[in-house]
Amino acid sequence: MTVSKAFWKIVLKNIGTIITYTIILIVFGSLNMSSDSTTQFEADKPSIVIFNHDEERGITKGFIKYLSENAEIKDEYEDDDKLKDALFYENVVAVVDIPKDFSQELALNKNPELKLRSSSGYAAEVAKVLVRQYMSTAKSYASLNLSEDDLAKKVESTLSDSTEIEIKSKVDTSKYSRATRYFSFANYSILACVITVICLIMSSFNRVEIRKRNLVGSIELKRMNGILLRNSCLYSAMMWIVYVVLGFIVVGLNEMWSIHGLLYAVNSLIFCVCATTIAYLISSIVKGIGAVNGIMNVIALGSSFLCGAFVPAEYLPDSVLTFAHILPSFYFIDTNNKIMAIEDYGSSSLLPIFINMAVIVGFCIVFIIASNIITHKKERLA
Amino acid sequence: MKNVIEVKHLVKSYGSNRAIDDLSFNVKEGEILGLLGPNGSGKTTTMNSILSLLKFDDGEIRIFGKEMSPSAYDIKAKIGVVFQEVAVFDELTVYGNIDYFCGLYIQDKETRARYVNDALNLVGLKENKSQYPKQLSGGLLRRLNIACGIAHKPKLIFLDEPTVAVDPQSRNNILEGIKKLRDDGATIIYTTHYMEEVEILCDRVIILDHGKIIASGTNDELKALAKIEEKVTIEVAELSPNQLSGFDDIKNVSSVEYEDGVLKVVYNKGKNNLAEMVEYLQSHKIKYSKIFAERPTLNDVFLELTGKELRD
């Protein structure tokens, strides 16, 4: 009772730390979710200036219409110097000069020269593709000896063709991307909150002077360690409940009140236990309270960056991800991604998730054994 | 009186260095035993061995008639320890700290609250009970350290240099508190470097050096071991070389020092030394303003026994 009371008094002294990391989770976790990727796409429209020296009929009319539909046509640039500046600053990415008799010559398959100036970069390449696409389509029909209007209609019809894409997945995985991002970001907050507070408490109890006093006390050392371990687990469980409840609020009830939500919660609970064992291992090694914050930052920030909590794993280099395999955070975040991709709740979908969870439990066992070995050596001062 | 602690043929080595060398002594119920010795003499090692914080190589330690071991929780329940280093939680208040350490022994909430208040009163920290250790001065912190060690009213108390770096007021308060603990029936082992504290507090003293007992007994018994009988200090305005050399010829004089108008004469033995000195001064027309004699102190005995060379 006395030991538990002291434990929770020290937790309360660190309530500021807990609130800080929880706010970080809410703020940055929400920002992370708002940068969500979706399956809806919108084509980029490059800024183009058109100088038309031909009459607006036939192919010329069709070409201008096509560019108007797929690009943003700028008409405020009359002065060539201003246009050069606009190209330099990429306010305009391409300038198309349509020569005189362009429509007529194209219909006669004479290959008229289209003058195209462009800036560098992605938008300019899109503009070039638009021009190339129209011209190559028009040239392929030019040999058919069609009239200018018929040729223009033929090209328009061809370019308006679109491909139907059917998503065969039964589950809309994008529905759970917010929850995945929230729980993956929680990797940082869980590690920070659990490691900092438990390490600070254990550092206090493990201080040589305090430890000597406890050793000469009438409470058995094993019993005292047991009380501290139980309270540490209780603290981690409380943090887990807070983060799951926040998950319901931040992510939404629809996403969380589901089997997917249950899996996210179970995964984070296992990770909380793992964070507790990491905290125990650190506190069995680290002597001073001053070192705790430094080590916590290295572990929480380091593993969050390396394992894809802040930046999605698909953007990380293979070498980084290979290294990340030795960290429990990798399996926690990977499990979140796997939960998002679940299409059904069959064994083939769930097995990889349970394997990852088992790996995290394996990490816990390794950390407990290592912590026990170190603590046992320190149990007696000589 | 029965023995509370019995140490027999205790041996503890660190590699080739023998920190405790065949040490045997007893501590009687209700006494304050002073454990003296220069740095590295084996005081702390002896204390840690008795408390089972250290494994010793050979010997036997019995406390309250039972063999002491790390798992002897029934014995530990009767022991209180005040370590030299302040051992308190920075995150707990003064009251919280005393309550925690008292709670390691006393489970009953009401009894514990009473004991904690008694400890606060004993060390004079009642006004500071809501403060955190970082808000306390060095002296108050030391008093908190003592309160944490004795709050559960132990029958046997180990105090390891509890007054190091403490101001005279706090020291006085601490010494009064220790006397009160003894008066309440506790047996106390007290280690310190301050000889005057030992003279004030301890019923019996053991002087250790190189892990061995080099002297033990009451204050008077130890002082009797001193080779010098007394030291006479005289303030003399002027003294010629002839007059100064004349002091060496006085009966029983062991050594003479004269510096900045102060003459110090040490007598090895004899009686009426001071009277003879006054007679000598008058007969040689040496003008003096002040004269006084001192009996050898425990400090003199300690330095005689352990040597004057500096230790770590």
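The model is predicted: local features need pLDDT of at least 70, side-chain atom pairs count only at pLDDT 80 or more, and totals for chains, interfaces and linings use all residues. Residues are numbered from 1 along each chain as its sequence is written, while chains are lettered from A and ligands numbered from 1 in the order in which they are written.

**Chain A: strand β3**

Strands here are DSSP runs of E with at least two residues, helices are runs of H or I with at least four, and both are numbered from the N terminus. Two strands pair if DSSP finds at least two bridges between them. β3(A) pairs with β1(A) and is also joined to β4(A). In the β4(A) pairing, A:Ala94 stands opposite A:Ser118.

| Strand pair | Sense | Bridges |
|---|---|---|
| β1(A), residues 47–52, and β3(A) | parallel | 5 bridges |
| β3(A) and β4(A), residues 115–118 | antiparallel | 4 bridges |
| β12(B) and β13(B), residues 262–267 | antiparallel | 6 bridges |

**Chain B: an open sheet**

Chain B holds an open sheet of 4 strands, ordered β12-β13-β11-β14, with antiparallel pairing. Its edge strands are β12 (253–259) and β14 (288–294), each pairing on one side only. Neighbouring strands are turned by 15° against each other on average, direction ignored. B:Tyr258 stands opposite B:Leu263 in β13(B). Helix α10 (residues 273–283) lies across β11 (230–236), β13 and β14 of chain B, at about 25° to β11(B).

**Chain B: a helix pair**

How do the axes of α3(B) and α4(B) cross, and at roughly what angle? Helix α3 (residues 94–103) and helix α4 (residues 109–123) of chain B have axes that come within 10 Å and cross at roughly 125°. Axes are lines fitted to C-alpha atoms, for helices over the stretch in contact, and angles run from 0 to 180 degrees between N-to-C directions. α3(B) is therefore oblique to α4(B). Angles under 35 degrees count as roughly parallel, over 145 as roughly antiparallel, 65 to 115 as roughly perpendicular and the rest as oblique.

In α3(B), the contact residues include B:Tyr95, B:Ile98 and B:Cys102; in α4(B), they include B:Tyr115, B:Val116 and B:Leu120. Contact requires C-beta atoms, placed from the backbone, within 7 Å.

How values were computed. Two residues are in contact if their C-beta atoms, placed from the backbone, lie within 7 Å.
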